[in-house]
Amino acid sequence: MTDGTDGHKTGEQHAVGHIVPISLLVVTGAGLLVLTAVTVLVASFDFGAANIWIALGIAAVKGSLVVLFFMHLLWDRPFNGVIFVTSLAFVALFISFAMTDTFEYAPDMDTGDAPLVRQKLAELEP
Amino acid sequence: MTTIDATNPVPEPPAYAAATDNYLTHTRGFMSWAGTLDHKRIGVMYLVSVLSAFFLAGMFGMLVRTELMRPGQDFLSQDQYNMLFTLHGAIMVFLVIIPSVPASLGNFVLPIMLGAKDVAFPRLNLFSYYLWLIGAICAISSIFFGGVDTGWTLYVPYSTHGTTMGGVIPVAAAIFILGFSSIFTGLNFIVTIHRLRPPGMTWFKMPLFLWSIYATGILQVMATPVIGITVVLLIVERAFGIGIFDPSLGGDPILFQHFFWFYSHPAVYIMILPAMGIISELIAVHSHRHIFGYRFIAFSSVAIAIFSFLVWGHHMFLSSQSPLMNVVFSAITFSVAIPSAVKVFNWLATLYKGSITLNTPMLYALSFLFMFAIAGLTGLHLGTLATDIHLHDTYFVVAHFHYTMLGSALIGMIGGLHHWWPKITGRMYSEFWGRIACGLVFVGFNVTFFTQFVLGSLGMPRRYHDYSGPGWSPDTTALFFKYHLVSTIGSYIMALGFFLTAAYLIHSLFRGRKAPANPWGGRSLEWQCASPPPHDNFSEPPHVGDCYDFSVLEWDEAEQGYHWRHDLPREPGEA
Amino acid sequence: MTATETHAHDHPDFLQHHWDTPVQQFEAGKMGMWLFLATEVLLFGGLFVAYAVWRGNHPDMFRFGSRYLNTTMGAINTAVLIASSLTMAAAVTMAQRNKRGALIILLSLTLAGAITFLVIKYFEYTHKFREGWYPGVMLYERPAHAESWIDDYPTPRLAGEGSSPVVPAAFAGGPVAEPTTVPPPAVAPAGVDAAALAEMDGIAADHDEHGRTHLLHPAQDPDRPANAHMFFNIYFMMTGLHGIHVTAGVFMLSWLIWGAARGRFTSAYFTPVDLGGLYWHIVDLIWIFLFPLFYLI
């Protein structure tokens, strides 16, 4: 077979899928449980503004472990990784643009408290 | 057939001769269609359904136009008017234009062009058709729940507090379901293009239609889930009043617009990109000239897909979006013009010195070029912050997006329909009536919508039921009346053109001349199999060549079609 | 030498007619699944955007609301999901090694994890509903159109019913400095005050019906920030959507177990197990982010 297309080339090269040994999976799972404990523990200390970044950082490490080992992405076709990273990039794009915008107009927003606002609106009804 | 002689080492693919069994006659009965996994039949089912929805929504649009023809209330009450333009928009966008090219023509043509037997996931393909059907039923059933009058954008707070009509939730549910139908189509096509290319079909040998469908697939997969979650939030908000978008509860209505347009701007390119792909095919095939700048057109599709994610805020310049983001979005919006113009100039360069056949598909392609240029250039007015303040929510916007969606996307689709009609049905339509109808549609369309540019710049707001009475000066009413009258007459001409199209196409099914395998002289693979194609598309793997090199084909008078030149040897995989 | 020639003598049952080789079919299925997972990421992504925007604008609201969530239950659920993800990954390995018994056991363990997660979530939800901690306006009042479906739950113990709260000057435009207008709780048990509330971050309120301590309703908390209910909005939306995905996972796992019991999956054809695994891991992955974002503020 001399073609250059992805689907056919691999057909000649290796068997279906990559087998991940159980031991590696158990180590990954243990790491995830340890990191869960760490993140709960760390949350009891107050680092101020850094709190959320520490929590998200640990979650990102845990997420990477799941994606790379449980989901076999480490051994998978790179394009599947590209798909996944692209989706994350679009979420990041969405968050950054939407947040930039709301932070810009936030000073103009009326932050009235809902039950009181409701009350007031009810009074204004003819 | 008889002209093929022994000097030709590899005759035309045997499918020419083996055309006794095709995908239409392969199996029979209702269930053989309802449960089919054949991409061609699913494509035909989509085609019929989408065109029916187009007829319905087109009728709604005609009613709206007729009501607006004269000032004052004629035959539609304000509520009926609001309901009709909302349904016109919602059905046209979600039921017609978004699935039009990829799901109907794309489904039929894509695997054959690629040289595959089917799409990657045939069951998912059928499932996405039934999702479309359920979504259509949901959307139309909204009439029986009291209708919707919010406009197709379903902006809060109209859709949560403003409207007393009960159809918001059915329409929102329909959008969710149709979104997943669209996602599954796009997902299927991406995987098909990646995994089912036969030997020899490399990325840069693919016809440009496939590149545009691929770019569309990226948009469908990456943008559509966001509209899904948006309408879920809207349904929850409306049903239970949880206040996510309700400022009186601490929510943020601008956030709804961010959500909505994060999908709905890329959705505009879900509509236009496949049509651009069709135009690349039509222009090359019907001017019998190698496409100019293949790679530029291919990459500009992908560039448009990526840029389209970065510009959604240009719908929100006057929706209390912050000035900073207005400037950012305006600047990025202009950059979309670059890949779009790259395409247009490459098409023009392809036409230059081509031997142009002015048949119906080519006429539609030329109409596309004309109207897409207007659509794109008026987009610049709206993307400019200062002029948008004047033009926002006027008929200028209405005209602009009709030039894009109807004048470009749907005209491209109808051009493609004519181009592949012989392949799909195995019949030739009447070329004479085809040209007449195309002329009527072109003239009618421009009369309808070009006047609306003027109307909008004079200040006529969109979505108004009336333009007379208190608050309107008699001079203004008289002025707007003239333009509305012309616009409505134009829409009747356009409708006549579409009805004529329907008539001669349906007529051709019964009385049309049998189509040859290659009536236009196309080189892409779908012209190598019989018309209509056999059940498995190819009886033997097709030979992939340069799909825009038309010099190897010659006209056969007996067959009324093109085939391989007899003086050329035919080697598998030759250029 | 073409693909069709190889068809005739090597075309197992599970291979659909338009594929040449099992590897091609497997790779395509996997790519399709990854694309579907990308749509899942973006579906939840929308809610993460809403979360980011609100939390960015009202950090105090999230600090306040988070105290009403039970960190212990959240942490247990995280561990349960991680464990079930581990058994799912192991199940894929066992399918690849043709070990049918181990595959069925591991899939069943995964299913057990999914059900445990849902049971714990059920207790968390019912606890909040019993206390009247609904999302949105229902935290404060019961809107007419919501009457029918929340009739099963008692009216939230909203203090000061009948009295007329004072509308603060802030309503006229300025920020709400101190919402002091909510009267003291009507049924406040002795010894419970707002300061103690922060520490009572638990299911103590369950004991309320037996005459013991109970938590203040968030609407009654004098220190409550403006629009405190927004936290419950996003909490219920995100965990609810995640819960729907776990429920779908329960059906998927049951189907996989049924298929495994019938011996459908072999080392040559284990695509459904593998793709089901990918889905289950993404459900786990999303919870890994939801847990710190809601419970650990």
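A residue is buried if 20 or more other C-beta atoms lie within 10 Å of its own, exposed if 12 or fewer, and partly exposed in between, with C-beta atoms placed from the backbone. By that count, 48% of the 297 residues in chain C are buried. This is a predicted model, in which local features need pLDDT of at least 70, side-chain atom pairs count only at pLDDT 80 or more, and totals for chains, interfaces and linings use all residues. Residues are numbered from 1 along each chain as its sequence is written, while chains are lettered from A and ligands numbered from 1 in the order in which they are written.

Chain C has 9 helices and 0 strands (DSSP runs numbered from the N terminus: helices are H or I, at least four residues; strands are E, at least two). Of its contacts between residues at least 6 apart in sequence, 76% join residues at least 24 apart; a contact means C-beta atoms, placed from the backbone, within 7 Å.

The contact between chains C and A takes 60 residues from chain C and 52 residues from chain A. On the chain C side, α2 (22-57), α4 (71-96) and α9 (271-295) each supply at least two residues, and α2(C) gives the largest share, 20 residues.

| Site | Backbone value | Loop in chain B |
|---|---|---|
| Val156(B) to Pro157(B), cis | omega near -5° | Pro157(B): between α4 (122-141) and α5 (158-162) |
| Ser531(B) to Pro532(B), cis | omega about -10° | Pro532(B): between α15 (474-511) and β1 (553-556) |
| His288(B) | phi about 50° | between α8 (253-286) and α9 (294-307) |

Terms used:
Contact = placed C-beta atoms within 7 Å.
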